[in-house]
Amino acid sequence: MTESTLRIVPEATEFNAPYWTAAREGRVLLQRCVDCGLVWHPPAPTCPGCRSHAVSWVASSGQGTLYSYTRVEHSVHPAVADAVPYLVALVELDEGPRFVCTLIEVDDTSTLCATTRVTVGLGPAAAGLQLPVARCSRAGADDPIDPTRPA
Amino acid sequence: MSAAVIGIGQTAYSRASRRSEWSLAVEAIERALADCGVAPGDVDGLVRYSYDAVDEAMLVRSFGWRLRYYSQTGYGGLGAPAVLAQASAAVASGQARIVVCYRSLNGYSTTRYGRAERSLGCAGGEFVARGDRAPSGAFAGPYGLLSPGQVMAMWARRYQWEAGIAEQDLVRALSRVAIDQRAQAQRNPAAVMHGRPLNEDAYLAGRVIASPLRVFDLALETDGAAAVVVAAPDVARAVATPPVWITAAVVGMFAYAESISVYGELRNGPTYREIAERLFAEASVRPADLRAAMIYDATSVSVLLGMEAYGLAAPGTAWRAVLDHGIGDTAPVPVNTSGGHLSEAYVHGMNLVVEAVRQCRGSSSAQVERSGPVLVSSGPSAVVLSP
């Protein structure tokens, strides 16, 4: 198997540029309403709760719970042809919003369930970039994942 | 009763039409007009899917129409009920008297809806994920979440967890949906999967596409077109075909209710159920009164979710209802009786509309021998059709 040189890159816009700058470093920025405190994702120009235009960015803790996942076994695009099988997680971050990312370093998917805790940090996304990805949190700790740990 | 479906038409369904989508659209519309005996020149309205590559400008040239009304419905498969809702509204408000609705696609030979090429851009030798939708948008595509089926695989897993059932039970229920729809396709000579029955062993031997969904859980990719003619009551009563009345319609939208999403309610959630309750109240029917239901089945799990949203099973119980009764002749309300998208054809819901009309007329290849209206639903949009 050869290393794929095809990648899928996100298109940043002037309105969500801070998000992607942080994402390339493995951090997830969420939007937070200055007036009512609601936190949401993906980014939007106004608060979906109170319609305030005062929107700020806050860093997610990266901690969350698995809302759902799938193990993609069939490639639907050349950029992930060499990546299958891979896991995609839908994470419910502790701040509230759901977040899609690749889920890595899972040995046995039968252990995954609706209470599985995950930690989001820099790692290999399925389509070739280093981005925030999810790993199962180690039992009893929300310690940061050791970035030197082999995938 | 302000508008009725009076004509239906479809092309052959295949994976290699060797014709343009324009040609397919013309044939399906010609057949729908011939079905009800309406002269092509009498058409004054047109409603289409925004996704259709065949547009109004092309069809007015083909048919010589002078339209007074045209409109489009968005969000792909949500358009199946929505085209009827728009046509009905146009007729009821007097903006048009005879409206054609259609969908035409070379869904295998030109644009494969199961693949991601259609939704990704390309720049500087890299593929670009744009916008914020899942699948394929900037917040999903780089992670390999690239197709509708992958999103629905996550719906299926979440459904399993919320219902509190084992994966085996989920898989058995999904397999029953796929197997029963395939059995209906054996009665439907026009179905792509006619002549190719499916049993549980073959289902389980099917390759996993995105767990827990196997290949038989996903819609086909089809070349073909389907069309219907919607008309005012006086027209409907004058033609030879029996009118199929559009008795209630909802074209719903709320946060993350677009056709495929990961952020909103699961599609059996309370907002979907409220939409359904109001629809049934407007139609003065109960779910149990339905003759049949056409539930948009991009994947098999959509049937379970749709059954719960539209009152055919209580939340968290459709899997059990399907295991007990199936969705075919032995079901209290049979679902997707033509074989649906899983086994008849994938015409983005228009083939489900055509089958709903056949059920109302009594001309389905899997005719339900019971009176009553027929539901066509797709997420937050739905119509009730009545003979």
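This is a predicted model: local features need pLDDT of at least 70, side-chain atom pairs count only at pLDDT 80 or more; totals for chains, interfaces and linings use all residues.
**Exercise 1.** Find out whether the residues of strand S12 (residues 374-378) of chain B are buried or exposed, and which way they point.

*Solution.* Start with the cut-off: a residue is buried if 20 or more other C-beta atoms lie within 10 Å of its own. Next, go through the strand: 5 of the 5 residues of S12(B) pass, so the rest of the structure largely encloses this strand. Now sort them by direction. Val374(B), Val376(B) and Ser378(B) point one way, while Leu375(B) and Ser377(B) point the other way, and all are buried.

**Exercise 2.** Work out which strands pair with S12(B), and in what sense.

*Solution.* Take strand S11 (residues 292-295) of chain B to begin with: its pairing with S12(B) is parallel, over 4 bridges. Here you'll see Ala292(B) opposite Val374(B). Then turn to strand S13 (residues 381-386) of chain B, which pairs with S12(B) in the antiparallel sense over 5 bridges. This time Leu375(B) sits opposite Val384(B).

**Exercise 3.** Say which residues have the most contacts inside the largest nonpolar core, then look at what Leu385(B) touches.

*Solution.* The core has 180 residues, and Val229(B) and Leu385(B) have the most contacts inside it. At least three of its residues come from each of domain 1 (1-113 + 219-247) and domain 2 (148-216 + 248-378) of chain B. Now zoom in on Leu385(B): leaving out residues up to four places away in sequence, its contacts include Val5(B), Trp245(B), Cys360(B), Val374(B) and Val376(B).

How values were computed: Residues are numbered from 1 along each chain as its sequence is written. Chains are lettered from A and ligands numbered from 1 in the order in which they are written. A nonpolar core is a set of buried Ala, Val, Leu, Ile, Met, Phe, Trp, Tyr and Cys residues joined through C-beta atoms within 7 Å. A residue is buried if 20 or more other C-beta atoms lie within 10 Å of its own, exposed if 12 or fewer, and partly exposed in between; C-beta atoms are placed from the backbone. Domain bounds come from an automatic or database domain assignment. Two residues are in contact if their C-beta atoms, placed from the backbone, lie within 7 Å. Helices (H or I, at least four residues) and strands (E, at least two) are DSSP runs, numbered from the N terminus. Two strands pair if DSSP finds at least two bridges between them.
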